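Dear colleague,

I am passing on the structure below, together with some notes on what turned up in it. Please read the notes with the model open beside them.

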Amino acid sequence: MNPLLAVLAGIAWVGLTLLLSQLRWFRRPGLTSRLALFAPGQQATNAGPSGLVSLGSFREVIGPLARTAGERLTRLFGVAEQLEVRLRRIDSPLDPTAFRIRQLGWAGVAGALMLVFGLLLPLPPVVVLVAVVAAPLLAFLALEQSVITASNRRRERIFTELPVVTEQLGMLLGAGFSLGAALTRLAERGTGVCKDDLRKVGNRIRQGLDVTEALREWAELADIDELHRLVNVLALNQEAGDMGRLISEEARAMRREAQRRTIELVERRSQMVWIPVTVATLVPGVMLMAVPFIGAMQSWSTL
């Protein structure tokens, strides 16, 4: 029997066992789990599968390894921001360990598919080896890039909405609202991602955290310079008497920064328009110049 097929059969057997362990007709609960249903306040002990070979035990074993390996691999490719911060920013239901296990699973599936294709197709061993190594890496990086893209998109939306939110906050403070009441009103009647973030800020305030500290948590999670400056201005709420003017200046500074970024984006796209034009001009020109060049080289060769 081919040793490689034996290894694949063993991996398939382990995976099938883990999947069947989730089914009640296949997995017989232990005596403790069965008796726990009749104990008061202990019904939750049988919520998940237990045993030596189960999906829960597999996660407990492979979770720390997947998280450590994933963090080292992402640092190797230049990703400095922590995965936990990015997942919290995009409101992902997954924790870092669950996300790393999902990455490891997709990488394993990609590697197994490439290995099967390499065995079925008449490919050189070097090509099969490169495909088996590259496919898991690409699957891992694809999931990592999806989180990075979602995080950057979330930060861009916060930056876009921040000038309007700042102006509304300044008007509410100027109308006599306290800082906490103004944030609550914006969270109730606002729209967009800032509404969701302000609602979280309000929940943190109701949990007993200071208003300024709750805003600083939001600023650290969003990681936007304009929001950091706004929080520093709002921290002077109890000391400064012209908060409306200070917040209005911050809103104008945010709009100027947004305008600068828009102009930069328009100029970059206008420069990219010339790329296909340049290629379409140079390629025929090079082809026309190649004809007399080849003729001249042939005439020199006959001498």
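What percentage of the 303 residues of the protein count as buried? The share is 27%, where buried means under 20% relative accessible area, exposed means over 50%, and partly exposed lies in between (1.4 Å probe, protein chains only). This is a predicted model, in which local features need pLDDT of at least 70 and side-chain atom pairs count only at pLDDT 80 or more, while totals for chains, interfaces and linings use all residues. Residues are numbered from 1 along each chain as its sequence is written, and side-chain values use heavy atoms, with hydrogens and water left out.

On confidence, the mean pLDDT (the predictor's confidence in each residue, from 0 to 100) is 81, and 82% of the residues reach 70 or more. Over residues 41–53, however, pLDDT stays under 50, and for that stretch the model has 17 contacts beyond four places in sequence, a contact being heavy atoms within 4.5 Å. Where pLDDT is low, the predicted coordinates should not be read in detail.

Among contacts between residues at least 6 apart in sequence, 61% join residues at least 24 apart. The accessible surface, from the Shrake-Rupley method with a 1.4 Å probe, for which only the protein chains shown count as cover of residues, comes to about 20,200 Å², and 65% of this belongs to carbon and sulfur atoms.

Helix α7 (residues 179–189) has as its buried residues L179, A182, L183, L186 and A187. These lie on the same side of α7, because they cover an arc of only 135° around the axis, the arc being that of the directions from the helix axis to the C-beta atoms. In general, an α-helix has 3.6 residues a turn, so residues three or four places apart point the same way. The cover over the buried residues of α7 includes α6 (125–174), α8 (193–206), α9 (211–222) and α10 (225–234), whereas the face turned away from the buried side carries the exposed residues E188 and R189.

R185 also belongs to helix α7, and with 30% relative accessibility R185 counts as partly exposed. Apart from neighbours within four places in sequence, R185 is in contact with L172, F177 and G190. From R185 to K195 the C-alpha to C-alpha distance is 9.8 Å, with the two residues 10 apart in sequence.

In helix α6 sits R154, which is buried, with a relative accessible area of 11%. Beyond four places in sequence, the residues in contact with R154 are R89, D91, V193, D196, D197 and K200.

D91 itself lies in the loop between α4 (83–89) and α5 (96–120), and has a positive phi of about 60° although D91 is not a glycine; at 37% relative accessibility, D91 is partly exposed. D223, in the loop between α9 and α10, likewise is not a glycine and has a positive phi of about 60°, and D223 is partly exposed, with a relative accessible area of 36%.

Terms used: Helices (H or I, at least four residues) and strands (E, at least two) are DSSP runs, numbered from the N terminus.
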